[in-house]
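Let's take a walk through the open spaces of this protein together.

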Amino acid sequence: MDQTSREPGAAIKRIEIFLFSQPVKNVAFDVSPSGIDMPGAESQRTRIAVTIETADGSRGEYSGGRSDAVGQTRFCAKWILGENALGREQIYERIRRFLRKEDRIGACQIDNALWDLAGKRASASVSQLLGGFRTRLPAYASTWFGGDGGGLATPEAFAGFAEECYGLGYRAFKMHGWTDGSPDRDIAAIRLLGKTVGGRMALMHDSACHLKTFADALAVGRACDEAGFFWYEDPYSDGGLAAHAHRRLRELIKTPILLGEHVRGLEAVANLVLADGTDFVRADPDLDIGITGTMKIAHFAEALGLDVELHGNGPAHRHCMAAIRNTNFYELAMVGPSRGQATVSIYRDGYSDLLDDVGADGCFAVPDGPGLGVEYDWEMIKRNTLEHFVIE
């Protein structure tokens, strides 16, 4: 007899999915799909929010992840109706099988909302449920991509922005370079960052897979060596999937490699790591089947003595990081001198991932309320809803 039949009140009876739009200012997506810091630019971004309710009225909520995977989210919702909302491992396994031909990204909102529900039901934070021990998370400022005419148009602009972030309290800084396929400006910015803030800030470079050849990736990696960078992320256009090539790159440079942002799920990440393709391991509750999948990857990395670095930011990320020993920094993404960010606030309680809201200690706090510990602005979400799905 499963737990649902013994505790019928925990059965999932209703799931709602909202696709909603939000304005984003000071970021240009028309110039580059990846976005560049651009004063005065305006655009609209689509986001997703999910609520899950049980037979006895417990409710979990989550907003985050990729809205273009909403089809997967709806599919997952259909197949977990009636399941025990507290049986996240069983739901994880069911989702893993039913979405085996997909990347499973759309399952993340479901899992994260289930963790929120469990915490609220137990009057405990998700961090407490996970055994968390941190209350403040050291953060790094993770920039928009370099782009002509924007706030990060030159190597000097990156160096100046790093100094600005240092003044705000950040002690780590990651640059996303230019996406034209050339390594030249990336190399110049890397060297200048090393001269300007090296020794005062941990520095990272994320090529975001824009470099086209192994030779270019190697040249950028050697510049990272010269500048004493903390890691070198997703060097070139294979998407971080070619373990053999990255093993060779690791043999030729000193800067640790970070891969995994584009490798989905525990098993695929394990294969990459065991093939010696990376030094640091990536995980993301918005990409790796939620908090459940993220913690599995973190524990796998821990078993091998490696650090796992969470990709992106948000309440789910903070609760996971609070419970992971083998991790270093919270990613405050995507930021620039014009203060445009992709995730405009959807909260009513003061929760913030804005650049200027970092603490003087360079940290962000872990929410301590029940569940994810945040209060969503549902009036705003519903007012801007483009599509609304109810599964019951």
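In this predicted model, the lining of the second largest pocket divides into seven nonpolar, five polar and five charged residues. The space inside the second largest pocket comes to about 160 Å³. Seventeen residues line this pocket, and if you look for those closest to its centre you will find R318, G350, Y351, S352 and A365. Strand β12, spanning residues 363-365, is the element that gives the most to this lining, contributing three residues.

Now turn to the largest pocket, whose volume is about 1400 Å³. Its lining takes in 47 residues, and R45, R66, H311, M334 and A342 are the ones that lie nearest the centre. Which elements each supply at least two residues of this lining? They are the strands β2 (36-54), β3 (59-63), β4 (136-145), β5 (172-176) and β11 (330-335), together with helix α12 (315-322). Sorted by class, the largest pocket is lined by 16 nonpolar, 17 polar and 14 charged residues.

An unreviewed UniProt entry lists residues 155-256 as "domain: Mandelate racemase/muconate lactonizing enzyme C-terminal".

Key: Residues are numbered from 1 along each chain as its sequence is written. This is a predicted model: local features need pLDDT of at least 70, side-chain atom pairs count only at pLDDT 80 or more; totals for chains, interfaces and linings use all residues. Side-chain values use heavy atoms; hydrogens and water are left out. On a 1 Å grid over the protein atoms alone, a cavity is a set of points where a 1.4 Å probe fits but cannot get out, and a pocket is an open set with protein on both sides within 12 Å along at least five of seven lines; lining residues have an atom within 4 Å of a point. Grid points are joined across faces, edges and corners, and a volume is the space filled by probe spheres set on the points. Helices (H or I, at least four residues) and strands (E, at least two) are DSSP runs, numbered from the N terminus. Ala, Val, Leu, Ile, Met, Phe, Trp, Tyr, Cys and Pro count as nonpolar, Asp, Glu, Lys and Arg as charged, and the others, Gly among them, as polar. UniProt positions are given in the numbering used here, feature names are shortened, and annotations may be inferred rather than shown by experiment.
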